[in-house]
Amino acid sequence: MKKSRTSRSHLIDVNLMKCPADKIIYNGKIVNVYTSEIYTCNVAILGDRVAAVDGFDVDSMKGPHTECIDARGMYLVPGLVEPHLHSYHSYMNIPNFAEAMLLHGTTSTADGFYGQGLIGGVEAIKLMIAEIARTPLKLIFSIPTIAYLQNRELGIDPAPNSISEEELLDMLEWPETDGIEEPPYLPIVQKDPVFIRLFEKAHERRIPVTGHASGISLTHLNAYAAAGAVSDHEQTDFQGAIEVARRGLKTLMRQGSGAFDLKELTKALTERKLDPRAFSMCADLASPEKLFYEGDIDECIRVAIRAGVTPVTAIQMATLNAAEVYNLQGEIGSIAPGKRADILFVRDLTEFSIARVIADGETVVDNGVYLPKKIVSKYPAFMYNTVTLKRPVTPNSFDVPAPNNVSEVRVIRAVDLSLYTHEDFATLPIVDGIIQPDVDQDILRIAMIDRHNKTGNIGNGFIKGFRMKRGAVASSVNAVCENIVVVGTNNTDMSIAANYLAKIGGGKVVVADGEIVALIELPLLGLLSEESLEVVVGKFEKAYAALKDLGCNLTAPFSTLEFCCACGEIGKLKIFDEGYMDVDKVERVPLFRQMGN
């Protein structure tokens, strides 16, 4: 987290009336996350910290240059803390991402930039850290274990720019480091020497290790907690959340693009009456239109309240509880003397409508308008032209020849609003010895194409759940693999989509009848746009409309597409650049189920 610019000694002087406050907020109704109270209160600010909360004479603390802000009718809420979010899944560069977050009251966010690091190495991560430091959004930097691990635990070779063991451990010494970002449980319970060493060194330095426990058994959960994981964001049912909480891990209830778990998980609070101090909230993945229209943690608060959680409790989970994950409650997560001056003016707690955002003592959002000067970034050459194919993709690249004794074909079944995919089987038509998709059964082709210029591999399969009647959709973004993945009804549109993404250096594209009907350019590492928040949102809306016109009715089709690809412990059947991976069994499986099996 960026260093404060305010001396603690000067905070004492303000309280002793030896120097004036920079700002005084008066007549606001403070939401005290320590005591669960709401009461009228004055707040004095010096620099980027709160100097005093109530109990002081406003006139005596004012100076000739003190800004006085009347908060009459407003609730004063701590700046929201996002404990687990991957900024690259917003597909925006850092300045535009920061704007989107601050517009919705998130003043601190955890990130390790693993996607950027996977493609661009340590230099890309350092660039992201430097860039976010130029914005009012505070970074809780968490060492991106996935940028090292990628899919090694599944037996998949990492990309060429994979973070090395030495680089991973070196990040423990970076002054920006606040935590370790979601090492999956498998390498821990398998006692991978790199991760055991990382955990031990992190604990020596009192650096918290946030967790990733998708599909974990109770035996493995005990082992994971014993190793030192402090949180988990992967639970999808409230009983799993209870088991996590019982073992001392903070449960981060997820409400993000393609993953709507929060309503179910709040049952641990509303039905089972567990202590909410064991819970927080996160988005994990937040596409640009979600951030623009719904928001981040503010939307989590609204969903929790609609599910029966009291507003004060929801705010506690979104602020103080989240800060505690990283042992940062002394800096952020509350409005109290000495804490960072991150304050939201909220009109109505139930609707959680934000009128003003103060971050580090400065007003950055006023009535929905982002006030800081727009940052125009210039990026080094290594950030561009990272989508490289060994050879152009042809329609025949997606052909799947039918063996003589084939009985059924394995099919990935995607589920709306879930990152988990299932394994189905289907009998598909065969034409000239090639297995065909079957639009009537909603079974389309899916393929992953190596874009790292590593092997030239193309892994082919079939998928159910997209409901497209024609055309193809492709993306150069997918969690952990970051290859080109394409789903389509026909080979020609699929090849056009894949080749075009390689030509422009990455993005998302929708193709129909041989024509590009929607395009989102992501030239930075094939992951991020350089365009403004409003432009990116507009392009996503056009892409969603184009997909809907093709028959796709998924709520978050690009997020769903990303998690049809091999990704850590998130099961079950996934595609990678060599074919199918059964994540639950940690083994590669054939495309066909042979007769008699």
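Student: Are D360 and R340 buried or exposed?
Tutor: D360 is buried, and R340 is buried too. Keep in mind that this is a predicted model.

Student: What's the closest N and O distance for D360 and R340?
Tutor: The salt bridge between D360 and R340 has its closest N and O atoms 3.1 Å apart. D360 lies in the loop between β16 and β17, R340 in the loop between α16 and β15. They are 20 residues apart.

Student: And which residue does E331 bridge to?
Tutor: R49, with 2.9 Å between the closest N and O atoms. This pair links distant parts of the chain, 282 residues apart. Both E331 and R49 are buried.

Student: How many salt bridges in total?
Tutor: The count comes to 38.

Student: New topic. Which residues form the negative surface patch?
Tutor: E123, E166, E167 and D170. Helix α6 gives the most, with three residues. E167 is found in that helix, and E167 is partly exposed at 33% relative accessibility.

Student: Last one: what covers β25, and which strands pair with it?
Tutor: Both faces of β25 are covered. A472 and A474 on one side are buried, as are V473 and S475 on the other. β25 runs antiparallel to β26, joined by four bridges. β25 also pairs with β27 in the antiparallel sense, over four bridges. A472 stands opposite G488 in β26, and V473 opposite V510 in β27.

Terms used: Residues are numbered from 1 along each chain as its sequence is written. This is a predicted model: local features need pLDDT of at least 70, side-chain atom pairs count only at pLDDT 80 or more; totals for chains, interfaces and linings use all residues. Side-chain values use heavy atoms; hydrogens and water are left out. Patches are made of residues with over 30% relative accessible area and no salt bridge: like charges are joined within 9 Å, nonpolar side chains (Val, Leu, Ile, Met, Phe, Trp, Tyr) within 5 Å. Accessible areas come from the Shrake-Rupley method with a 1.4 Å probe; for residues, only the protein chains shown count as cover. A salt bridge is a side-chain nitrogen of Lys or Arg within 4 Å of a carboxyl oxygen of Asp or Glu. Lys and Arg count as positive and Asp and Glu as negative; His and the chain ends are not counted. The place of a charge is taken as NZ of Lys, CZ of Arg, CG of Asp or CD of Glu. Helices (H or I, at least four residues) and strands (E, at least two) are DSSP runs, numbered from the N terminus. Buried means under 20% relative accessible area, exposed over 50%, partly exposed in between (1.4 Å probe, protein chains only). Two strands pair if DSSP finds at least two bridges between them.
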